[in-house]
Structure formats: C-alpha cells, structure tokens
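Could you walk me through this structure, stop by stop? I have it open in my viewer and would like to know what to select next and what is there.

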Amino acid sequence: MNYFVDKRGYYGDFGGAYIPEMLYPNVEELRQKYQSVIDDEQFQQEFKALLKDYVGRPSPLYLAKRLSEKYGANIFLKREDLNHTGAHKINNTIGQILLAEKLGKKRIIAETGAGQHGVATATVCALRGLECVVYMGEVDIKRQAPNVARMKMLGAKVVPATSGSKTLKDATNEAMRDWIANPVDTHYIIGSVVGPHPYPDMVAQFQSIISFETKKQLQEQTGSELADYVLACVGGGSNAMGMFYHFIDDESVKLIAVEAAGKGVDSGFSAATTTLGKEGVLHGSRSILMQTEDGQVVEPHSVSAGLDYPGIGPQHAHLFKTGRGLYASITDDEALQAGLLLTQYEGIIPAIESAHALAYLEKMEFKGGENVVVCLSGRGDKDMETYMKYFNL
Amino acid sequence: MNRLQQLFEKEQKGLLSIYYTAGYPNLGDTLKIAETLEQSGADFLEIGFPYSDPVADGPVIQASSKKALDSGMTLPILFEKLKDLRQKVSIPILLMGYVNVVLQYGVEEFCKRCQEVGIDGCIIPDLPMYEYEEMYQTSFKKYGISNIFLVTPQTSEERIRKIDGLSNAFIYLVSSAATTGGNLSVSESSAAYFKRIADMKLKNPFVIGFGISNRETFDAANEYASGAIIGSAFVKNIDRNNLEGSIKTFMKQFRS
C-alpha cells in the first residue's frame with residue numbers, strides 16, 4: 001500500500017488540486033519546483049542550520065516518568081513545545097520561507113486561526129526581511145489578542161477576515177483571494193497539511209523532521225527506533241503528519257490521531273471530522289470534511305483554536321480510510337483535564353491542542369512496557385486564559 | 001446541440017450575459033429574474049448556486065451567496081424552482097457554482113437534472129481540467145451539458161490550446177488577476193491580453209467576465225470578444241422591493 005502522494009498529486013482517493021484557474025500558475029510553479037528545491041543540498045544545509053541554531057532542534061524526546069508509572073507504559077513526549085515560538089509550526093514556516101526565496105518571491109501571505117501559524121510566519125518573515133500579511137478571522141482576532149500583538153510587533157500586517165463565520169476557514173478563503181490578486185510576487189505559506197497539491201506533501205516533508213529525530217532518539221533510549229504507539233492531535237493535521245511520517249511504512253507501529261470532539265461528537269459543537277464528515281472538496285483538495293447534505297461547509301467547534309477546522313489533510317483521509325491510522329476524538333473537558341494532569345505530573349503546561357493527544361492515553365489499555373510516543377506539539381502559555389477560566393485559577 | 005452551442009454556432013458580437021445568485025434576494029425570485037432578463041435583452045444567463053466558501057468571488061457575490069444559503073437555497077430546491085424554466089425562458093442558461101456542491105449532489109445526477117430542466121452548460125471554477133477529463137467529462141457529454149473553462153492573463157498558451165480542445169461552446173476570459181466584482185481598467189496590458197487571445201484563432205469564441213460593470217467596460221470587452229458577462233454589478237443593483245423595475249433600469253444602459 002502506498003501511503004504517500006502519487007504522481008497525480010493524490011493519496012488514494014484524496015488530494016488533487018481543486019483550484020480556480022486564477023490560482024493555477026502559482027500552484028503549478030510550486031508543483032514543478034518544490035521537490036527539486038527541497039532536495040537541493042544547499043537548501044538542506046540552510047534548512048537544517050536554521051532548525052538547529054534558530055529553532056533549537058533537535059527537540060528532546062523526554063521519557064515522562066510519573067506519567068509512565070500512572071499508565072503502565074513508557075510514555076515519551078516529543079517536545080515540540082520547546083521550539084522557538086512555542087510549537088511545531090515553525091518547522092514548516094522555516095522550510096517555506098527558504099523555498100519562497102528560491103522562487104524569487106518578495107511577499108508572504110498566510111492564514112491563521114489561533115495565531116500560532118501567523119506568529120511562526122511573521123517570525124520567519126522578520127528573520128529574512130520579507131513583507132508579511134496574515135489573514136485572521138475577525139472573531140479570532142478578538143479571542144487571541146496576544147498573538148495579534150506578537151504578529152504586529154514582528155512587522156506583519158494582520159488583516160481581519162470578515163466573511164462567512166469570520167474564523168480559520170474564512171481566513172484561508174481570504175488568503176486564497178489575496179493570492180489570486182497577487183499571482184506573481186507572492187508566496188502563500190499554508191500552515192497545515194491541507195490545500196491543493198503540492199502543499200500537503202510539502203508541509204508534511206518539512207514537519208517530518210519530528211519523526212526523523214524521534215526514531216534516532218528512540219534508538220538511543222530504547223535500543224529500537226520503533227515505538228508501539230505514536231499519538232498526535234489533528235486539526236488540519238500538520239504535527240500529526242510530522243510525527244507519523246517516518247513511521248507510516250513501519251506497519252507494526254500503531255498510529256493514533258486524535259481529533260477534537262468539542263462538547264461531544266453528537267452535540268452539534270464538535271470538530272471530529274472523520275466521525276462527522278464526508279468526502280468532499282475543501283480549500284483545494286479532496287478529503288473528508290464536515291458539511292451539510294447540500295455540500296456547505298459546517299462550522300466546527302473546539303476549545304482549542306488549532307483543532308477548530310472542518311477538514312483534515314488528504315493524507316490523513318487516506319490513512320483513515322485505509323485503516324493505517326486510528327482516528328479517535330477527545331472532548332473539550334477531557335483535553336483540559338489532561339492538560340492539568342501533565343502539568344501536575346511532569347511540570348509541563350501543554351497547549352490544549354496537544355492535551356487532546358495526551359487525553360487519549362486514558363482510553364488505552366497497556367499490557368505494560370509498551371513504548372508510546374506522544375507529540376507535545378505546543379506549549380500552553382497561549383491557553384492560560386482558557387485554563388484559568390476552566391479551573392478557576 | 002444545446003442552446004448555448006446553437007447561439008455560438010454563428011459568429012457573435014456584443015453578446016450580453018448576466019450572472020445572478022439563485023435564491024437572492026428571495027428564495028422564490030430565481031425564475032422571475034431569468035424572465036425579466038430575457039425580456040430586457042440578455043443573450044444568455046448564468047445562475048449561481050450558492051456555496052459557503054466561494055474563493056473566486058469578491059464581496060458582493062459572497063454576500064448574495066450567504067443570503068441565499070440563509071434563505072434555504074440548495075441545489076435540489078434550485079432544480080425544483082427551475083422545473084418550468086423552458087416554458088418561460090428561451091435563451092441559453094448556465095449554472096455556476098463550486099465543485100463540492102456538485103460532488104455531494106452526485107455528478108451524474110447533477111448533469112441529468114440539468115438536462116431535464118433545460119440547463120445548457122456549467123461553470124465550476126474550482127473543477128480543474130485534469131479532474132474534469134478523468135472523472136466528469138463522460139457525464140457532461142452524456143447529458144449534453146457544456147463545461148465552460150476559465151482562462152486568465154497568466155494562463156499559458158499551451159494550456160489555452162488544451163482548454164480550447166476540451167471546450168464546445170465558449171471560453172470564459174477572466175479580465176484580470178482578481179476575484180469577481182472588481183473594476184476593469186481597460187489598460188494597455190489588458191488590451192494586449194485580449195488581443196493575444198484573439199490572435200490565437202481558437203476554435204471556440206471567447207467571452208470576457210470579471211470587472212465588467214457598466215456600458216464603458218462592456219463596450220471595451222466587446223472590441224475583442226464575442227460578448228461580456230456582468231455579475232457583481234448586476235447583483236448589487238437588484239432592489240428586492242422593485243425587482244423587475246430595478247433589473248429593467250440596469251439593463252437599459254446596455255440595451256437601448
């Protein structure tokens with residue numbers, strides 16, 4: 001079984017590039033050039049040097065002792081929360097800004113939900129001295145004031161998306177409209193493994209550093225580069241794809257992707273895409289998305305803005321449909337409790353997104369001694385207000 | 001041969017096409033608008049079926065789409081509203097909308113219903129050429145529905161030739177790099193672009209859309225093309241309290 005992208009830009013039934021003709025030249029330029037740019041030795045040197053000296057990689061693989069005792073398995077945390085800007089998002093923006101430079105682009109646009117990808121994009125634009133415009137839903141701008149301020153301080157222009165539901169999917173629409181109007185000098189840095197081909201593959205390759213390092217670290221710490229289980233949360237699915245990437249062809253490794261159930265899968269306030277969604281086209285690729293019978297995109301809900309997205313990347317849809325990955329979901333309450341648990345057992349405050357993956361440990365049954373890797377995709381500083389309200393801190 | 005192909009069979013000049021959103025301003029207005037437009041001199045029409053995330057559209061059509069969705073417009077309802085279409089309207093009619101809505105309805109069923117109510121063609125901006133050829137073309141041909149492709153100032157000559165080969169009515173020339181609802185400034189570069197396409201001597205005629213808002217831009221487009229399409233400017237001018245009157249007044253500037 002091939003779990004990776006084929007020559008047509010598809011993962012099984014999913015993927016492709018469902019874009020209006022106005023975007024065709026931009027996407028086609030990327031499609032033709034991305035792999036040769038990424039494979040170029042000089043590009044790799046620059047990319048790796050920045051990941052090491054600027055982002056602070058490799059991120060540690062930390063054996064969480066007290067958590068391991070509680071669950072009766074060896075729980076390893078892949079510490080993406082320790083990256084510069086506080087999450088895995090920067091792995092992708094570093095890769096894409098270097099690619100944009102190689103393509104001669106002068107202007108960068110991005111979409112953001114909670115602001116993490118926006119901050120990661122504004123950061124690399126400041127680093128390389130490129131103009132940066134970030135589209136963000138008007139509703140999210142109000143909810144995420146500190147990240148808006150960070151982006152502005154980094155020199156980015158934050159443009160409110162006022163159409164539709166005024167959240168992440170609308171910010172994505174606005175970024176696409178900007179790209180339509182600026183087809184020559186602009187590169188669009190998509191923040192997840194979504195969008196038209198080649199984005200899902202390109203972002204997955206940049207994020208695959210997560211599983212590349214994990215294998216080496218597991219080898220050093222356990223004597224085997226394979227784990228029994230690998231877990232990650234899924235919104236669009238970029239940290240999960242990075243965490244799964246180098247394990248996908250090792251079929252003995254069980255891949256578990258955790259979606260946001262919100263207030264409950266059947267509550268009407270959920271983002272559990274594989275449970276609630278159907279096959280369709282969203283933001284340029286064929287995948288699974290939450291939609292009405294008539295094909296209108298449904299507004300999702302999750303306490304964590306990073307998982308509040310009505311679709312998943314096409315490679316995830318393929319892993320789900322083929323059964324290679326197990327796709328589960330965790331409610332807002334379960335995630336917040338898991339966030340508190342990690343904080344009190346290990347002294348690490350996780351992002352609420354990452355807490356969804358941690359919460360799934362409660363639902364697993366271990367014989368004892370299994371090696372389990374959880375991707376701790378981001379730190380919880382940005383979520384303090386939510387934690388404070390929920391736990392009356 | 002469908003009505004659209006019949007229209008373009010002869011060489012045409014100065015064709016006026018109007019786009020409007022189904023279910024806007026009111027759920028029941030769709031057929032009435034088509035009738036009024038035919039009476040006011042429109043040569044063919046595009047009826048938009050609304051989608052929640054219309055990335056190729058500017059603010060006016062986004063807003064009319066949202067309004068239509070809020071009023072409950074869906075593809076099944078649209079086909080129901082159009083069931084007497086051909087007793088009332090004789091000019092060619094296209095449906096325009098995004099691929100996910102068609103996909104959920106079912107491509108084959110969609111084409112079948114189009115033929116039953118008398119729709120002649122479709123414009124699905126986010127359905128790419130490759131996917132059309134591989135997965136959709138058979139159904140479109142079976143029910144005699146013309147698929148209309150877009151060409152932009154950035155589309156390469158090789159690709160335009162390929163699009164020409166797949167087209168069987170007309171090619172939709174997007175006037176500039178923009179979403180719908182802008183203003184065409186008839187600059188040297190856009191004139192050069194229109195002329196470049198005209199000089200390619202394609203087998204299909206072309207019609208210019210995006211940014212055509214008044215008599216001036218309409219005439220400018222018609223210097224090069226067989227016709228022009230007006231969308232946002234028309235939708236913006238619809239007065240829900242004076243539907244027929246506002247449409248007729250708008251159309252007078254082109255047909256007087």
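Let's begin with a pair of helices in chain B. Helix 2 of chain B passes helix 13 of chain B in a right-handed crossing. Bear in mind throughout that this is a predicted model. Select residues 30-39 for helix 2 and residues 243-252 for helix 13 of chain B: their axes come within 10 Å and cross at roughly 35°. Now show the side chains at the contact. From helix 2 of chain B come B:K32, B:I33, B:T36, B:L37 and B:Q39, and they meet B:L243, B:E244, B:I247, B:K248 and B:M251 of helix 13 of chain B. Sorted by class, this contact has five nonpolar, two polar and three charged residues.

Most peptide bonds are trans.

**The sheet of chain B**

Next, colour the strands of chain B. Nine of them form an open sheet in the order 5-4-3-2-1-9-8-7-6, with parallel pairing. Strand 5 (146-147) and strand 6 (150-151) of chain B stand at the edges with a single partner strand each, so one side of each has no neighbour in the sheet.

Strand 6 of chain B pairs with strand 7 of chain B in the parallel sense over two bridges, and here B:L150 stands opposite B:Y172. Strand 7 (residues 171-174) of chain B is in turn joined to strand 8 of chain B by four bridges, again parallel. On that side, B:Y172 has B:V207 as its bridge partner.

Stay with strand 8 and select residues 206-209 of chain B. Are these residues buried or exposed? B:F206 and B:I208 point one way, B:V207 and B:G209 point the other way, and all are buried.

Strand 8 of chain B also pairs with strand 9 (residues 227-230) of chain B, parallel and over two bridges. There, B:I208 stands opposite B:A228. Trace the chain between these two strands: it passes through helix 11 (residues 215-222) of chain B, making a right-handed β-α-β crossover.

**Over to chain A: a four-strand sheet**

Now bring up chain A, where four strands form an open sheet in the order 7-6-5-8, with parallel pairing. Strand 7 (157-161) and strand 8 (186-189) of chain A are at the edges, each with a single partner strand, so one side of each lacks a neighbour in the sheet. From one strand to the next, the twist averages 25°. Zoom in on strand 6 (residues 131-137) of chain A, which pairs with strand 7 of chain A in the parallel sense over five bridges; A:M136 stands opposite A:P160.

Helix 5 (residues 116-128) of chain A lies across strand 5 (107-112), strand 6 and strand 8 of chain A, at about 165° to strand 5. Helix 8 (residues 168-181) of chain A lies across strand 5, strand 6, strand 7 and strand 8 of chain A, at about 160° to strand 5.

Two loops are worth a click here. A:K166, in the loop between strand 7 and helix 8 of chain A, has a positive phi near 65° although this residue is not glycine. A:P198 is in the loop between strand 8 and helix 9 (199-207) of chain A, and the peptide bond from A:H197 to A:P198 is cis, with omega near 15°.

**An enclosed strand**

Select residues 371-376, strand 14 of chain A. Six of its six residues are buried, so the strand is largely enclosed by the rest of the structure. Both faces are covered, with A:N371, A:V373 and A:C375 on one side and A:V372, A:V374 and A:L376 on the other. Strand 4 (residues 74-79) of chain A joins strand 14 of chain A through six parallel bridges, and strand 9 (residues 229-233) of chain A joins strand 14 through three, also parallel. Which residues pair with A:V372? A:I75 stands opposite A:V372, and A:Y229 is a bridge partner of A:V372.

**Last stop**

Finish at A:Y71, in helix 3 (residues 65-71) of chain A. A:Y71 is buried, with a relative accessible area of 13%. Beyond its neighbours within four places in sequence, A:Y71 is in contact with A:L341, A:L361, A:E362 and A:F366.

Conventions. Residues are numbered from 1 along each chain as its sequence is written. Chains are lettered from A and ligands numbered from 1 in the order in which they are written. This is a predicted model: local features need pLDDT of at least 70, side-chain atom pairs count only at pLDDT 80 or more; totals for chains, interfaces and linings use all residues. Side-chain values use heavy atoms; hydrogens and water are left out. Buried means under 20% relative accessible area, exposed over 50%, partly exposed in between (1.4 Å probe, protein chains only). Two strands pair if DSSP finds at least two bridges between them. A crossover is right-handed if, with the strands pointing away from the viewer, the path from the first strand over the helix to the second runs clockwise. Axes are lines fitted to C-alpha atoms, for helices over the stretch in contact, and angles run from 0 to 180 degrees between N-to-C directions. Contact means heavy atoms within 4.5 Å. A crossing is left-handed if the near helix is turned anticlockwise from the far one by less than a right angle, and right-handed if clockwise. Ala, Val, Leu, Ile, Met, Phe, Trp, Tyr, Cys and Pro count as nonpolar, Asp, Glu, Lys and Arg as charged, and the others, Gly among them, as polar.
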